[in-house]
Amino acid sequence: MAAVPSTDRRRLALVLGLAVVVGVFTATVPLLRDWFDLRVYYGTVDTWVHHGGRIYDYRVPGTTYGFTYPPFAALGMLPMALVGLPTAIAVALLLNLAALASAVAILVGPALRRYGWFGFALTACLLALFEPVRDTFSFGQVNLVLLALVLSDAWLLSSGRGRWAGAGIGLAAAIKLTPALFIVLLLLGRRRRRAAGVATAVATLATALAAWAAPGASRFYWTDALWDTARVGRPAYVSNQSLQGVLARLTAPEDPSRALWATASLLVLCVWARRVSRALADDDWTAAFALTGLAACLVSPITWVHHLVWLLPSFAVLLHRRRLRVAAALYAVLCSSVVWLWFDDASGLDGFLGSNTYTWVTLGLLLWLPAGQPRGGRAALIRRARATLAAPRPAAPAIPAAADQSNPSSSGSAVASRRAVAPGRAAEPADVDGPAEVDGPAGVDGPAGAAGPAAGTARVSSSVPTGSTRPAASKPQSSSERASSYTVNPPPA
């Protein structure tokens, strides 16, 4: 946004040009997912309601993929049983659009409003190219809805409206387990135990409601399906951009060591806890939520590419901190679908580095994402605080006696009277305003004590310099093989 077109005509031309690029890119480079995950949801609910089937027994015809979320998610999707599949697809599109708009408004809304329609149109074009977002829409996934629910709590906490904070996180955790890490985030925050309690209560009540509505399905999920990661899909599948996905591709076709995965996950959580604690100490809730989303993607056993919409808060942090080049580079990588180049073979050094590209991006953001008050900002705040303290006021410089004043005593008394009056000058409005005007620049660039003496001597005229008089401080990649793989063996939900 640093160099936007100066006229509305040029802005409109830029947006139209980007819209054409988005359309061509979507039609030629990535493969459309044909609402595969939405078909899983719809078929599960339809079988459960209209055919007496069980939630976790349904499979998409011709595949091994079925419903993998907690029972409350199926309960929330029951309205789909009242409509046909085309209507369900249309509603899912609208819900995802509303969720994305809500997330963008929370993350960068104030900045975009400065540019009016152009800012929002440009953002829409950029997000349409972002692979996790476009896959979420094309699969008919729920991740954007979960992101919007979680970010609503971030907005409540950061804006001081924390009375109902936690409800969004609780609902998201009842629909899918990954957002439960945000409850731990609330427990780490100062004076946020109430929000953590609300989130836990909402998640518990929602889970209990599902257990009442579908007791058999609930019992099966919490005792069996939850621990069977094979139901979700192959961990070594290139779309799995979690730590377990990295290990699974290294050891394929053998299963990765659970102990090694648990150790790596524990290290990630330790880094997350340390970094997020600093963000919380400065009430930097955007960075805290961004770091939590990154950690959740890394430690989750399965993190498909479309789950990486949880990286969007990290991009907002980079934009707020003016790390525009870093944000642009990472955005380009996450638009490229580069990991799919190793769809068939992820062996070798190039396979290890390339097939896990999105994991490296997530890990790098967890380690280096700006979080909390910058050190320079802390130093500036300290200097400003010191500059506001009452600085010692130097005595007024002695005024030499006039030539016709031959009486030394009269000269001395004149000087004494001036010195007696000098302290009273500190109470004059002009002298009070002096330090206040100098305080801003001095607090940032100069020494803290520079404001006081500079202001105190500004109104004294003397040809005799003294020791207290000092100068003021200076101021591809669509391929036929990949297409056939999705047609014959659709990606896991």
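Select Pro253 first. Pro253 sits in the loop between helix H12 (243-251) and helix H13 (258-281). This is a predicted model. Show the backbone and look at the link from Ala252 to Pro253. That peptide bond is cis, with omega near 10°. Most peptide bonds are trans.

Next, go to Asp283. Asp283 has its place in the loop between H13 and helix H14 (285-299). What is phi of Asp283 near? The value is near 55°, which is positive, and the residue is not a glycine. Most residues other than glycine have a negative phi.

Now colour two helices: H10 (residues 193-213) and H11 (residues 215-223). Their axes come within 5 Å. The axes cross at roughly 120°. H10 and H11 are therefore oblique to each other. Which residues make the contact? On the H10 side, select Thr207, Ala210, Ala211, Trp212 and Ala213. On the H11 side, select Pro215, Ser218 and Trp222. Colour these residues by class. Six are nonpolar and two are polar in this contact of H10 with H11, and no charged residue takes part.

Move on to Thr68. Thr68 lies in the loop between helix H2 (36-50) and helix H3 (71-76). Which residues does Thr68 touch, leaving aside those up to four places away in sequence? Show Tyr221, Arg231 and Val232: these are its contacts. Thr68 and Lys176 are 108 residues apart along the chain. Draw a distance between their C-alpha atoms: the separation is 9.1 Å.

Finish at the surface. Select Leu12, Leu16 and Trp117 together. What do these three residues form? They make up a nonpolar patch on the surface. Together, Leu12, Leu16 and Trp117 have about 300 Å² of accessible area. To place one of them, highlight helix H1 (residues 8-28), where Leu16 is found.

Then revisit the positive phi of Asp283. End on the crossing of H10 and H11, at roughly 120°.

Notes
Residues are numbered from 1 along each chain as its sequence is written. This is a predicted model: local features need pLDDT of at least 70, side-chain atom pairs count only at pLDDT 80 or more; totals for chains, interfaces and linings use all residues. Side-chain values use heavy atoms; hydrogens and water are left out. Patches are made of residues with over 30% relative accessible area and no salt bridge: like charges are joined within 9 Å, nonpolar side chains (Val, Leu, Ile, Met, Phe, Trp, Tyr) within 5 Å. Accessible areas come from the Shrake-Rupley method with a 1.4 Å probe; for residues, only the protein chains shown count as cover. A salt bridge is a side-chain nitrogen of Lys or Arg within 4 Å of a carboxyl oxygen of Asp or Glu. Helices (H or I, at least four residues) and strands (E, at least two) are DSSP runs, numbered from the N terminus. Axes are lines fitted to C-alpha atoms, for helices over the stretch in contact, and angles run from 0 to 180 degrees between N-to-C directions. Angles under 35 degrees count as roughly parallel, over 145 as roughly antiparallel, 65 to 115 as roughly perpendicular and the rest as oblique. Contact means heavy atoms within 4.5 Å. Ala, Val, Leu, Ile, Met, Phe, Trp, Tyr, Cys and Pro count as nonpolar, Asp, Glu, Lys and Arg as charged, and the others, Gly among them, as polar.
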